[in-house]
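The sequence and structure come first.

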Amino acid sequence: MAGGRAGLAHLRGSRLLTATTHLESTELKTALAREAAALGFDCIGVTDANVLGKAGQHFREFLDAGGHGDMDWLAANPERRMDPRVLWPGVRSIVMLGVNYGPDDNPLALLAKRTRGAISAYAQGDDYHDIIKKRLKTLARWLHATSGAEVKVFVDTAAVMEKPLAQAAGLGWQGKHTNLVSREFGSWLFLGAIFTAADLPRDTADIDHCGTCNACQEICPTAAFPAPYKLDARRCISYLTIENKGQIPREFRKAIGNRIYGCDDCLAVCPWNKFAQVGRETKLSARAELREPSLAELARLDDASFRALFAKSPVKRIGRDRFIRNVLIAIGNSGDAGLAEEARRLLGDTSPLVRGAAVWALGQLLTAEAFKNVAAQAVDRETDATVRAEWKMSDPHPEERAGARLEG
Ligand code: B12
Ligand code: SF4
Ligand code: SF4
């Protein structure tokens with residue numbers, strides 16, 4: 001099956017078999033594709049466990065350059081990621097699966113609505129980890145019951161290089177934005193993997209179709225690509241707003257605009273999206289309240305209302321404080337002085353992460369005089385050194401500060 005493309009439709013109607021001769025394994029694969037389609041997977045392909053040679057080297061270079069930032073889990077046991085046979089010596093075939101989550105609108109349009117928060121398309125519905133893992137387990141159970149072979153499932157969180165494996169399985173190619181692009185679904189595919197001891201026929205790897213296009217490299221607001229096909233995660237808004245636990249480095253705050261969870265720019269600009277279709281899983285599609293939420297309303301979330309709003313959503317993973325930090329950066333970028341009141345109220349928040357981001361937002365929205373007046377009341381009460389540092393650095397006109405209080 002050439003990628004997931006030719007796959008499912010052509011292979012419908014095959015019989016289930018339990019033995020492992022060549023012909024039978026072909027039919028097993030046919031039946032597997034049919035089961036996958038019935039479970040809601042949009043593409044499927046099979047590859048060998050030994051295909052990661054070059055991708056493994058690239059991964060090592062990425063780690064050596066520190067491109068993973070604080071994602072220590074990504075750097076842990078690199079040999080497992082670089083070679084699936086280290087992760088599981090019993091693996092003989094890797095089944096790669098994709099689920100289309102094509103949005104029904106253009107994610108770039110929301111970036112102009114500065115008083116609204118932009119949550120990336122993948123996170124506006126239910127958490128794909130939960131949905132895909134459940135489907136993978138069902139499919140893997142079926143494969144085990146049908147073939148007798150051992151199986152293991154992985155989506156995102158395990159030490160598996162899903163993108164190069166998906167390319168090797170023919171699902172698409174790793175584009176210059178480093179994500180897997182499909183000729184059928186554009187940039188909008190979630191990936192998952194089933195490792196199995198069954199010997200299934202391999203698909204042909206897809207080849208690069210980026211050509212001379214450079215759109216994703218040019219649009220990136222934080223210049224996160226040191227070169228085509230290479231990402232410095234430390235500069236990527238997805239990393240900065242989701243993975244990064246501390247204050248967002250000052251150099252990126254303005255470029256973040258109103259992106260409060262992840263970023264879709266390099267995905268959305270890809271010309272291959274013209275073939276994309278809207279995802280068919282309603283649980284993954286955007287919830288009305290997360291399409292363009294008001295920054296003012298989000299800024300008022302406490303722990304309980306945050307958990308309620310983001311129940312089953314991937315956003316809940318970062319917790320209320322990190323989320324409000326992001327909302328405050330967007331408020332600072334809103335250009336709407338009316339939102340300064342939200343930031344001012346959050347100067348009294350229990351979280352230093354929130355207070356520090358509130359200081360920055362006020363520095364963006366208030367006049368130098370107004371900022372000085374707020375600072376005069378707030379700085380003395382501030383006990384956290386990182387927040388005091390924010391006061392010092394966010395002052396729009398440091399030379400006009402009201403004396404030594406801001407120096408500490
Ligand atoms: C860590 C991680 C991140 C990190 C780092 C991203 C990255 N590009 O590595 C951060 C937090 C930034 C992130 C962001 C996003 N992520 Co993410 N992430 C992962 C995760 C867990 C591991 C990826 C990884 O191994 N990174 C390490 C680097 C080294 O791997 P790499 O990108 O494959 O690197 C290759 C290239 O750099 C290339 N290369 C390097 N040098 C050279 C030189 C040449 C000449 C060539 C040709 C190639 C080349 O080879 C390397 C090896 O293949 C995967 C799930 C998984 N287990 O695979 C999801 C995953 C990649 N993420 C996913 C998604 C959806 C996103 C976001 C779109 C979410 C969002 N909207 O905010 C963004 C996209 C940002 C971007 N442009 O990549 C999906 C992507 C699906 C797809 N179609 O590809 C995945 C597969 C999760 C899933 N199960 O669906 N993510
Ligand atoms: S997700 Fe956004 S910040 Fe990250 S590389 Fe793509 S365009 Fe740049
Ligand atoms: S935007 Fe262009 S360069 Fe980037 S992944 Fe898509 S086709 Fe490739």
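This is a predicted model: local features need pLDDT of at least 70, side-chain atom pairs count only at pLDDT 80 or more; totals for chains, interfaces and linings use all residues.

Which residue stands opposite isoleucine 194 in β7? Valine 95 takes that place.

**Strand β7 and its partners**

β2 and β7 run antiparallel and are joined by 8 bridges. A further partner is strand β4 (residues 151–154), which is also antiparallel to β7 and is joined to it by 4 bridges. In that pairing, phenylalanine 154 is opposite alanine 193 in β7.

Is β7 covered on one face or on both faces? Both are covered: Leu189, Leu191, Ala193 and Phe195 are buried on one side, and Phe190, Gly192, Ile194 and Thr196 are buried on the other. Because 8 of the 8 residues of β7 are buried, the strand is largely enclosed by the rest of the structure.

**Two domains**

The domain assignment divides the protein chain into domain 1 (8–113 + 124–196) and domain 2 (215–400). Their centres, taken over C-alpha atoms, are separated by 31 Å. Contact between the two involves 37 residues of domain 1 and 40 residues of domain 2. On the side of domain 1 that touches domain 2, the elements giving two or more residues are β2 (93–100) and α7 (128–147). That side is made up of 13 nonpolar, 16 polar and 8 charged residues.

**Ligand shells**

Ligand 1 is surrounded by 37 residues, of which His58, Glu162, Asn179, Ser238 and Gly262 are the closest. Two or more residues of this shell come from each of α3 (53–64), α8 (162–168), β7 (189–196), α10 (237–243) and α12 (265–268). Domain 1 and domain 2 each supply at least three residues to the shell around ligand 1.

Around ligand 3 there are 13 residues, and the closest are Gly175, Cys210, Cys213, Cys216 and Cys270.

The composition of the two shells is set out below.

| Shell | Nonpolar | Polar | Charged |
|---|---|---|---|
| Ligand 3 | 9 residues | 3 residues | 1 residue |

Key: Residues are numbered from 1 along each chain as its sequence is written. Chains are lettered from A and ligands numbered from 1 in the order in which they are written. A residue is near a molecule or strand if its C-beta atom, placed from the backbone, lies within 6 Å of it. Domain bounds come from an automatic or database domain assignment. Two residues are in contact if their C-beta atoms, placed from the backbone, lie within 7 Å. Ala, Val, Leu, Ile, Met, Phe, Trp, Tyr, Cys and Pro count as nonpolar, Asp, Glu, Lys and Arg as charged, and the others, Gly among them, as polar. A residue is buried if 20 or more other C-beta atoms lie within 10 Å of its own, exposed if 12 or fewer, and partly exposed in between; C-beta atoms are placed from the backbone. Two strands pair if DSSP finds at least two bridges between them.
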